[in-house]
Amino acid sequence: MQRLRTFLDHHCDNEAVTDIIDGLMVACKDITHQLHLGSLAGILGSAEQENVQGECQKKLDVISNDLIKDTLANIDAVKGIASEEEDEPVACNANGDYLVLFDPLDGSSNIDVNVTVGTIFSILKAAPGSDAASQQAYLQAGTEQVAAGYVLYGPSTLLVLTVGKGVFSFTLDPRDGEFFLQRENIQIPAQTQEFAINMSNQRFWLPQMQNYVGDLLQGEEGPLGKRYNMRWIASMVAEIHRILTRGGIFMYPYDNRDPSKPGKLRLMYEGNPMSMLVEQAGGKASTAFENIMSVQPEGIHQRVSVVMGSADEVATAEKYHA
Ligand code: AHM
Ligand code: MG
């Protein structure tokens, strides 16, 4: 079995990116440890504060953010970081060439009920002379990502990764603290009979999305001609991992609950990295109108509509919006 570092040394022809991913996993192993201890470590519950997006932070949101931030700041290649839990980007090493954007603990409403959560990350090349303390340096479309991945904290801890040459997964062996390569060149089946969406928001979606999901629900008697099953874990990492394992379509579409927020998920550290993984695995990642990775970001915490997974199913969803 190949260790993560050995794999990266052969597969990733960029030493700086190898160092960043390898270093980031040190923090993710710490997060795994904290999650396994759970209430024994006093990490459950609210941190009694809000992030820039007005969301109540969990204690473990804050702990994970600090662990990842401190780890990345000590890697020479990292010029700056942007996090879901930080209002503004943070400059790290003036000589670094890379920017790392991350959601330290995605799906954190699941922490207190002991259900899967994850860390999502995206790596961008910094433009020469750019100011890593300013949002402007980070506002690159998803197509510019040099690497993306997530760590899933479930029954096992897994890393799923792309450096633009396919998607690979690694499992953490808790006995020696090493990630080992498990699946190579992961491919998402083009068709599926499984969808994931928070149905409680149905009345807030665009009419096109209501029509599409209405037809999914009609099953073999509807125009799509097949019966679908539904899943909702409330953890995008778990949802995308299921899709990378057996196919499916995951949607968190535009809704009009709050006109200032077009959708719930964040473009730069949720939508883009997951889109890169899904596309590298032969799937499709769309806003329902255009490719997510083509969206030109205007802010690091910008939100985006998400429809991603099995290519044929996403193409069908897009047709309803055409
Ligand atoms: P978070 O970053 O605050 O954890 O929010 C993102 C999560 C996703 O993982 C998940 O798909 C979605 O929020 C679940 O939302 P809902 O509460 O509507 O089920
Ligand atoms: Mg999140």
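View 1. Not counting residues up to four places away in sequence, Leu105 touches Leu60, Asp61, Ser64, Val117 and Thr119. The structure shown here, as in every view that follows, is a predicted model and not an experimental one. Leu105 lies in strand β5, and its C-beta atom has 31 others within 10 Å, so Leu105 is buried, the threshold for that class being 20 or more.

**View 2. The annotated binding site at Glu84, Asp103 and Leu105.** The UniProt record, an unreviewed entry, places the feature "binding site" at Glu84, Asp103 and Leu105. These positions span 22 residues in sequence, yet no two of their C-alpha atoms are more than 9.0 Å apart, so they gather at one spot. Asp103 belongs to strand β5, which covers residues 98–106, and it counts as buried because 28 C-beta neighbours lie inside 10 Å.

View 3. Strands of a sheet pair through backbone hydrogen bonds, in either the parallel or the antiparallel sense. For β5 and β6 the sense is antiparallel, and the pairing extends over seven bridges; within it, Asp106 has Gly118 in β6 as its bridge partner.

**View 4. Two asparagines with positive phi, each in a loop between strands.** Which phi does Asn114 adopt, although it is not a glycine? The value is positive, about 60°, and Asn114 is found in the loop between β5 and β6 (117–125). Is Asn114 buried or exposed? With 11 C-beta neighbours inside 10 Å it counts as exposed, since that class takes in residues with 12 or fewer. Asn185, which is not a glycine either, has a positive phi of about 45° and is located in the loop between β10 (178–183) and β11 (194–196). Asn185 is likewise exposed, with 11 other C-beta atoms within 10 Å.

**View 5. The contact between domain 1 and domain 2.** The domain assignment divides the chain into domain 1 (4–183) and domain 2 (194–321), and the C-alpha centres of domain 1 and domain 2 lie 23 Å apart. To their contact domain 1 contributes 35 residues and domain 2 contributes 30 residues. On the side of domain 1 that touches domain 2, at least two residues each are supplied by β5, β6, β7 (147–153) and β8 (157–162), and the largest share, five residues, comes from β6. By class, the residues on that side of domain 1 divide into 17 nonpolar, 15 polar and three charged.

**View 6. The shell around ligand 1.** Ligand 1 is surrounded by 13 residues, of which Gly107, Ser108, Asn198, Ala234 and Met236 are the closest. Both domains take part in this shell, with at least three residues drawn from each of domain 1 and domain 2. Sorted by class, the shell around ligand 1 holds three nonpolar, five polar and five charged residues.

View 7. The pairing of β11 with β13 is parallel and has two bridges, with Phe195 standing opposite Ile249 in β13. Strand β15 (residues 306–309) pairs with β13 in the antiparallel sense over four bridges, and Val306 in β15 is the bridge partner of Tyr252.

**View 8. Glu313 in helix α7.** Glu313 has its place in helix α7, which covers residues 311–321, and is buried, with 29 other C-beta atoms within 10 Å. The C-alpha atoms of Glu313 and Gly23, which are 290 residues apart along the chain, are separated by 36 Å.

Note on methods: Residues numbered from 1 in each chain as written. Chains lettered and ligands numbered in written order. Predicted model: local features only at pLDDT ≥ 70, side-chain atom pairs only at ≥ 80, totals over all residues. UniProt positions renumbered as here; feature names shortened; annotations may be inferred. Contact = placed C-beta atoms within 7 Å. Near = placed C-beta within 6 Å. Nonpolar A, V, L, I, M, F, W, Y, C, P; charged D, E, K, R; others polar. Domains from an automatic or database assignment. Pairing = 2+ DSSP bridges.
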